[in-house]
Amino acid sequence: MPAVDETVERVKEIDVDKYKYGFTTDIESVKAPKGNEDIVRFISAKKDEPEWLLEWRLEAYRRWRTMREPTWAKVHYPKIDFEDLYYYAAPKSTEGPKSLAEVDPELLATYEKLGIPLKEQEVLAGVQGAPKVAVDAVFDSVSVVTTFREELAKAGVIFCSISEAVREHPELVKKYLGSVVPVTDNFYATLNSAVFSDGSFVYVPEGVRCPMELSTYFRINAENTGQFERTLIIADKGAYVSYLEGCTAPMRDENQLHAAVVELVALEDAEIKYSTVQNWYPGDAEGKGGVYNFVTKRGDCRGDRSKISWTQVETGSAITWKYPSCILRGHGSRGEFYSIAISNGYQQVDSGTKMIHLGRDTSSRIISKGIAAGYSDNTYRGLVSAHRKATNARNFTCCDSLLIGDKCGAHTIPYIEAKNASATFEHEATTSKISDDQLFYCLSRGLSEEEAVALIVNGFVRDVLQQLPMEFMAETQKLIGISLEGSVG
Amino acid sequence: MLEIKNLHATVDGREILKGLDLTVPAGEVHAIMGPNGSGKSTLSYVLAGKEDYEVTDGTITWKGENLLDMDPEERAAAGVFLAFQYPMEIPGVATMTFLRSAVNAVRKARGQEEFSTPDFLRIVKEKAKLLKIDMAMLRRPLNVGFSGGEKKRNEILQMSLLEPDLCILDETDSGLDIDALRIVSEGVNALRSPERSMLVITHYQRLLNYIVPDRVHVLSKGRVARSGGPELALELEKSGYADYGQDEASAA
Ligand SMILES: Nc1ncnc2c1ncn2[C@@H]1O[C@H](COP(=O)(O)OP(=O)(O)O)[C@@H](O)[C@H]1O
Ligand SMILES: [Mg+2]
């Protein structure tokens, strides 16, 4: 069919300039030595860390040396030389900026290009009643600035970089770090534990509803560098917080490694809503370059009636290996996973979630929308399990895949384990294609092919889009259009 | 003015249109009638530029330009509009969003300014009212779960919003009850104007009581077998299409 041939043509044309965040920034940086335990000591010393944390890292490092890279995911890539990787790069001039004024102007210019409202004044100067968003900006390995801190502090909310939290709130960090994703969890998480550089820390005290959206923007800039952020969010009893993570990286021929760990802890009656818009560089038309994203994200519904909800929009990265999960430990706790995963060109996505029902009357909901175009591969991999004691566990899973063209693949791999007979697990799955008739209908109304595809795809993912904080919905809709540019003919 | 000369078109390697000639001057409404499978929908798809419909011979000139050189979205911008016999469903896309995207795309291509949100809302409300479409329907996903009548009224709403000057209506009357038929016909008649040409495709004479054509053409075996004034439709109503033969592999 002509539509298909043309699709193939168009996909070949996907151009690196379509990735609009592909600029690099010239900033002098300090890098850690490669290859041995000194990396860990170097990083820890750079950050003036207490002894206990250095020990924690070293233990992780030694453990990691004995581990092997996992190979079960449906992704293929050349072997990564972990000996020849920089594990830490920091913008030289930004070691501990006290205020925006001290931040390298080049850095600020970078964030401006990304459209991140770092300057509170600008946000405040915006439309009256416009929602405020507090931002923690992480550049390569270091958190450069966090906004709206005073206003948050008034509410008792701690929002800062994790390095700062280690200094200012060691008791909280010590208590929760590694309590959801243990040091020994998996190859990448263990590596992260050894060499994590920075990331965000959030603590919302008992009974507090965080007064604004919290947001972290991660950007990888330096060459040949792995980025290992560590994020830790704790919602104390009855607290509520909504957090958004955004990511970009410049265009590089070599692949950049990204192996973050995110831990969420929700105590009794608390709720955490964690949203991600992942737009790392996906590689060029031939599949060269792009970010390898090997991320461990897990939430622990530790208290009764607590709730954790993950929403992700995955459009970037050459390889995505990511399973944000919920441990439903508290009785009556609830986990949710809403996902949009778009792959185009030669991208490979293996993503999904795990819902581990441990407590009584726990419930979970999974809505996954995978869109595959070009030569990409898009796999949903999910586990829903009910423990012996998880009486009345309930899950609803719906996995829809949409194919654009006939050179791409979509796969759904659900694992279900119920050790308690009262569990009710429902699973629905569909695979569809954008039909030529639908496309023609749109074209005959004056829409271009790209507009038509973006419109149809945005309709397909609507249920999930609606889960995103309002502030990010319009931006995300546009991003979906951009990611699919050149996907259809 | 639309001028079709010696049009031959194939679908899946099978010739459906076999030397069709037709001229529709500006301001006129021409009806195309004919038995099932005679190629009426094929003609409408060829005019709108559907890609599986291959033109093997002949020409189509629209306002002095070669229509066959244009992509479907360029034809839309050039004023060609097809009200589909079977409008497509697009899940998850609110009808209103679709209307707005289409109108803005066409306006942009015509060098007109995009409508502001309040302006657009006002215009849609106005036009929807004429077609007795309530705003709740426009918040539903495009054509999903719409009744036959709702789908056809939605087509005419799109037609009035996109302000085309070649309107092709493919069996817009099929599946409509008498009230809906009247509403739709009034909507179409309101769009008649000296600049606009219309091609009204129908199997039945009934519609032509409401939309009175200037000329009637009978399509048979991929060609115009006969042309005449409105009285030709009445004649067909009596005699049926027997004289024109049911086409070999007829389809609705
Ligand atoms: N996509 C297609 N593939 C093959 N044959 C088709 C296709 N579309 C239409 N046809 C055939 O073309 C002929 C004309 O169809 P159509 O234009 O739909 O007729 P009408 O609208 O007058 O009923 C029929 O014989 C039909 O079976
Ligand atoms: Mg037909």
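Contact, as used in these exercises, means heavy atoms within 4.5 Å. The structure is a predicted model.

**Exercise 1. Surroundings of A:Gln348**

Determine where A:Gln348 lies, whether A:Gln348 is buried or exposed, and which residues A:Gln348 touches beyond four places away in sequence.

*Solution.* 
Step 1. A:Gln348 belongs to strand 19 of chain A.
Step 2. Buried means under 20% relative accessible area. The relative accessible area of A:Gln348 is 15%, so this residue is buried.
Step 3. With residues up to four places away in sequence not counted, A:Gln348 touches A:Lys74, A:Val75 and A:His76, then A:Ala318, A:Ile319 and A:Thr320, and also A:Asp377.

**Exercise 2. The largest cavity**

State how many cavities of 30 Å³ or more the structure holds, and describe the lining of the largest cavity.

*Solution.* 
Step 1. There are seven cavities of 30 Å³ or more.
Step 2. The largest cavity contains about 120 Å³ of space.
Step 3. Its lining comprises 19 residues, and those nearest the centre are A:Ser368, A:Gly370, A:Asn378, A:Thr379 and A:Tyr380.
Step 4. The elements of chain A that contribute two or more residues to this lining are strand 18 (334-343), strand 19 (348-357), strand 20 (363-372), strand 21 (377-386), strand 22 (394-403) and strand 23 (409-418).
Step 5. By residue class, the lining of the largest cavity has seven nonpolar, 11 polar and one charged.

**Exercise 3. Strand 1 of chain B and its partners**

Identify the sense in which strand 1 of chain B pairs with strand 4 and with strand 2 of chain B.

*Solution.* 
Step 1. Strand 1 covers residues 2-11 of chain B, and seven of its 10 residues are buried.
Step 2. Its pairing with strand 4 (residues 53-62) of chain B is antiparallel, over eight bridges. Within this pairing, B:Lys5 has B:Thr59 as its bridge partner.
Step 3. The pairing with strand 2 (residues 14-24) of chain B is also antiparallel, over eight bridges. Here B:Leu7 stands opposite B:Leu20.
Step 4. Two residues lie between strand 1 and strand 2 of chain B in their hairpin, where B:Asp12 takes a positive phi near 50°.

**Exercise 4. The magnesium ion**

Name the residues that coordinate the magnesium ion (ligand 2).

*Solution.* 
Step 1. The coordinating atoms are OG of B:Ser41 and OE1 of B:Gln85, at 2.1 to 2.4 Å.
Step 2. The pair links distant parts of the chain, 44 residues apart. B:Ser41 is in helix 1 (residues 40-48) of chain B, whereas B:Gln85 is in the loop between strand 6 (80-83) and strand 7 (90-94) of chain B.
Step 3. B:Gln85 has a relative accessible area of 8% and is therefore buried.

**Exercise 5. The second largest pocket**

Find the volume of the second largest pocket, and which element gives the largest share of its lining.

*Solution.* 
Step 1. The volume is about 780 Å³.
Step 2. The lining has 25 residues, of which A:Leu455, A:Gln477, B:Thr97, B:Arg100 and B:Ser101 are the closest to the centre.
Step 3. Two or more residues each come from helix 11 (449-460), helix 12 (462-465) and helix 13 (470-483) of chain A, and from strand 7, helix 3 (95-109) and helix 4 (117-130) of chain B.
Step 4. Helix 3 of chain B gives the largest share, seven residues.
Step 5. The lining of this pocket divides into 11 nonpolar, nine polar and five charged residues.

**Exercise 6. B:Asn154**

Decide whether B:Asn154 is buried or exposed, and list its contacts beyond four places in sequence.

*Solution.* 
Step 1. B:Asn154 is part of helix 6 (residues 148-162) of chain B.
Step 2. Its relative accessible area is 0%, so B:Asn154 is buried.
Step 3. Apart from neighbours within four places in sequence, B:Asn154 is in contact with B:Thr95, B:Leu99, B:Ile133, B:Met137, B:Leu142, B:Asn143 and B:Phe146.

How values were computed: Residues numbered from 1 in each chain as written. Chains lettered and ligands numbered in written order. Predicted model: local features only at pLDDT ≥ 70, side-chain atom pairs only at ≥ 80, totals over all residues. Heavy atoms only, no water. Buried < 20%, exposed > 50% of the residue type's maximum accessible area, 1.4 Å probe, protein only. Helix = DSSP H or I, 4+ residues; strand = E, 2+ residues; numbered from the N terminus. Pairing = 2+ DSSP bridges. Donors = N, O, S within 2.8 Å, 3.2 Å for Na, K, Ca; no water. 1 Å grid on protein atoms, 1.4 Å probe; cavity = no way out; pocket = protein on both sides within 12 Å on 5 of 7 lines; lining within 4 Å. Points joined across faces, edges and corners; volume = space filled by probe spheres on them. Nonpolar A, V, L, I, M, F, W, Y, C, P; charged D, E, K, R; others polar.
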